[in-house]
Amino acid sequence: MTRRIRVIVNPAARSDRGAQALRRSGLLDSRYDGISLDVVESRSAEHLRDIVRASQDDDLDALGLAGGDGTVTLALAALNGVNRVPIGIVPAGSGNDFAAQIGVPRDFAGAIDVLLNGTVRDVDVARATPGGERYCCVASVGLDEVALGFIHRSSFRRSKALNIVSVLRALAVYRPRHAKIQWEGGAFEGDIMFAAVSNTRSYGGGFNISPAASIEDGALDVCIVQQTSRLRLMSHFPRILKGTHGGLPEVVIARSPWVRIEATAEPLPVALDGELPRVTTPAELRCEPGTLRVLAPRGSN
C-alpha cells in the first residue's frame, strides 16, 4: 500500500539558503519504495498555514516541514488541538532547536529518513495569552527584544552568528526592565536582563538556556537573569551558549506548567520563537502537554 507524504518547503526559512540546499540535494526528487511524495513550496506565511490546515483533512500519512523553528510556529498557528497527520521536520532554518530536541538529524538525508520511517511521538508545545499564539521553543522578555530588532533590520541573512552578534550589540544599549514573574510554587520580582520561558533546551540556533528542559514533561522551564553589569554578563556569555550558567548567583531557574509575567511600569514585549514581539505583558505562558504529533527517529526517547 502506497503511503502519501506531503512536504512543505518554506523558502523564507534561513533566507532561502536552507531550501536551496535541500533542492540541490535531490532528496525531494528521489523515488522511494512505497512512498508518494508531494512537494509544495509556500508563497507566504498565510499560504503555509493554509497548506497545513488543508493537509490535516487530506488522506496523508505524514506532513513534512522544511524550515526552522519559525516554520514550526507557523504550522502550530494552523492546527487546532492534536494534529491527525503527524509532522516531520526537515531542518532548513537558521534555528532548528525544536527538531534537535526531537532528535531529528541535522543532515537532510537523515531528516528525510525520519520523515519516511520515523516513529510518532506526542510532544509538548506552549501557548501565550493574550492572543492565544502557540510556540514550540521559547517566549522571552528583556534583552531578546532588542536583539531581535537588530536581527530583523539586518541586511545579513539569518544565522547563529548573526544571533550572537545581535545579542552583544543589544547588550551595549539595553537597560534592565522591572518585572514580576510567577510560576507554580514560586515568584520573582525585580530588574532583569532577560527572562526565557522555554519548552526546549535551546533556542536561537543553540543558545542552551534551559539544558534540563524536556518536550514531554508537561512543563515549561524558566530562566531569569537578574540585573547585572554588562561586562559580567558578557564574560559569562559562553556559559549561556553551553548551558552551564545555572549556578551563577544572578540566575534563577524554575520549572512549572504555567508562567505569568507582569511589568510594573510600561508593558514588556514578549517574543515568541525568534519573531518580533506581537504579545505584551501581562502575559501567561502555559504548556500544552502532548498536543503535537511529530515523527522522531526510531528508538528515540
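Reply: A disulfide is a pair of cysteine sulfur atoms within 2.5 Å. A search of the whole structure finds zero disulfides. The model is predicted: local features need pLDDT of at least 70, side-chain atom pairs count only at pLDDT 80 or more, and totals for chains, interfaces and linings use all residues. Residues are numbered from 1 along each chain as its sequence is written, and side-chain values use heavy atoms, with hydrogens and water left out.

Me: Are Cys137 and Cys287 buried or exposed?

Reply: Buried means under 20% relative accessible area, exposed means over 50%, and partly exposed lies in between (1.4 Å probe, protein chains only). Cys137 has 1% relative accessibility, so it counts as buried. Cys287, at 8%, is buried.

Me: How much of the chain is buried?

Reply: Of its 301 residues, 52% count as buried. For the surface, accessible areas come from the Shrake-Rupley method with a 1.4 Å probe, and for residues only the protein chains shown count as cover. The chain exposes about 13000 Å², and carbon and sulfur atoms supply 50% of that area.

Me: How many helices and strands are there?

Reply: Helices (H or I, at least four residues) and strands (E, at least two) are DSSP runs, numbered from the N terminus. The chain has nine helices and 15 strands.

Me: Where is Gly299, and is it buried or exposed?

Reply: Gly299 lies in the segment after β15 (283–296). Its relative accessible area is 74%, so it is exposed. Gly299 and Gly118 are 181 residues apart in sequence, but their C-alpha atoms are 9.1 Å apart in space.

Me: What share of contacts in the chain join residues at least 24 apart?

Reply: Contact means heavy atoms within 4.5 Å. Among contacts between residues at least 6 apart in sequence, 74% join residues at least 24 apart.
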